[in-house]
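Grab a pencil and work through these exercises with the model open beside you. Each task comes with its solution.

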Amino acid sequence: MDVPVNPENSESGVPDDALEARGAGQTGGRLHRVVVLALPGVIPFELSIPYRIFGRATSADGEPLYEVVTCGLTAGAVRTDADYSINVEHGPEALAAADTVVIAPTYERGLPYTEGRLDDAQAAALAHIRPGTRLVSICTGSFVLAAAGLLDGRPATTHWSSTDHFQQLYPSVRVDADVLFVDDGGLLTSAGVASGIDLCLHIVRRDHGSAVANEVARRSVVPPHRDGGQAQYIHRPVPEPRFATTTTARAWALGRLHEPIQLRDMAAQEAMSIRTFTRRFREEVGISPGQWLTQQRVERARHLLEDSDLSMDQVARDAGFGTAASMRQHFQGALGVSPSAYRRTFRTAPVGSSH
């Protein structure tokens with residue numbers, strides 16, 4: 001398959017180091033530019049997500065952190081899957097100035113969905129993208145990235161109803177059907193519909209820290225992450241509970257993460273035996289109570305590292321790890337970085353929090 005993106009580069013069209021290199025916020029003295037590609041038959045809800053999330057991200061001084069631009073394969077009217085069209089002012093040349101490109105999903109899936117290749121207009125549009133541009137897809141927009149050869153050998157996801165077809169059409173992609181999104185550095189893919197919000201908030205959090213992302217979530221009246229917490233850099237979020245029978249125990253535990261918490265104490269909050277509680281907990285949350293507690297404590301430590309000047313020992317005690325060594329072990333396992341490295345990253349970036 002011919003790869004239209006960045007033909008001067010190697011097989012994928014975008015080298016791994018370049019994918020990691022381009023950050024967000026101020027890029028060469030200007031705002032980080034997010035360009036959203038609206039293909040014919042675009043789904044309006046998903047198309048609106050990048051502007052709603054990135055367009056509302058501001059610094060502590062209220063200054064915007066991103067510029068969001070929408071483009072089409074040509075400028076002008078673009079069909080949607082609803083009973084109206086939208087007018088897009090920019091053609092595909094706008095992709096050449098992007099720091100992040102978002103591929104919105106379309107019901108008119110075309111050759112990337114049926115034959116595993118781009119059509120001529122799509123190939124010509126993606127050829128405008130510069131090396132090092134961060135690439136993001138929402139829902140079935142991942143078929144376009146895969147058709148360009150950009151997901152070969154990489155983990156990715158798409159809407160759950162299309163994962164089997166996706167894997168058959170693109171066997172070299174490591175498809176994960178059980179996650180809300182996959183963060184593979186400079187290539188990020190989300191599952192369907194509202195998971196695009198989760199992915200965009202994750203990107204804002206990765207770029208600017210949790211204070212900025214949480215404020216965007218509050219303004220959008222959506223949770224900053226799904227129930228049970230979602231770790232940075234980890235692409236397997238906690239599944240949504242199907243029914244609530246251990247919520248009292250979870251709320252009780254969240255209020256005393258700094259204390260030793262025994263499984264029998266959590267079970268007692270629901271008047272259940274340990275065996276019944278453990279089974280119900282796993283059915284609802286998707287992981288064991290112990291794994292959930294560790295996730296919550298890592299999340300607590302993450303916020304303290306970003307938003308306080310506490311020592312590592314104090315952060316470890318307040319998050320319930322007891323010692324800095326224990327926190328380091330769990331932090332490294334969950335996020336792939338040490339607590340000190342995490343603090344350096346998010347306290348030196350232009351975060352809109354009170355650092």
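**Exercise 1.** At roughly what angle do the axes of helix α8 (residues 210–220) and α12 cross, and within what distance do they come?

This is a predicted model, where local features need pLDDT of at least 70, side-chain atom pairs count only at pLDDT 80 or more, and totals for chains, interfaces and linings use all residues. Residues are numbered from 1 along each chain as its sequence is written, and side-chain values use heavy atoms, with hydrogens and water left out.

Step 1: the α8 and α12 axes come within 10 Å and cross at roughly 110°.
Step 2: α8 and α12 are therefore roughly perpendicular (65 to 115 degrees).
Step 3: look for contacts (heavy atoms within 4.5 Å); S210, A211 and N214 of α8 meet R302, H303, E306 and D307 of α12.
Step 4: sorted by type, that contact has 1 nonpolar, 3 polar and 3 charged residues.

**Exercise 2.** Work out how α9 passes α12.

Step 1: the axes of α9 (residues 247–254) and α12 (residues 289–307) come within 11 Å and cross at roughly 40°.
Step 2: the crossing is right-handed (near helix turned clockwise from the far one by less than a right angle).
Step 3: R250, A253 and L254 of α9 touch W292, L293 and Q296 of α12.

**Exercise 3.** Find the cluster that ring pairs make with Y113.

Step 1: ring pairs (centres within 6.5 Å) link Y113, F143, F166 and Y170.
Step 2: check burial (under 20% relative accessible area); Y113 is buried at 17%, and F143 is buried at 2%.

Definitions and conventions: Axes are lines fitted to C-alpha atoms, for helices over the stretch in contact, and angles run from 0 to 180 degrees between N-to-C directions. Helices (H or I, at least four residues) and strands (E, at least two) are DSSP runs, numbered from the N terminus. Angles under 35 degrees count as roughly parallel, over 145 as roughly antiparallel, 65 to 115 as roughly perpendicular and the rest as oblique. Ala, Val, Leu, Ile, Met, Phe, Trp, Tyr, Cys and Pro count as nonpolar, Asp, Glu, Lys and Arg as charged, and the others, Gly among them, as polar. Buried means under 20% relative accessible area, exposed over 50%, partly exposed in between (1.4 Å probe, protein chains only). Rings of Phe, Tyr and Trp (its six-membered ring) pair if their centres lie within 6.5 Å; planes under 30 degrees apart count as stacked, over 60 as edge-to-face and the rest as tilted.
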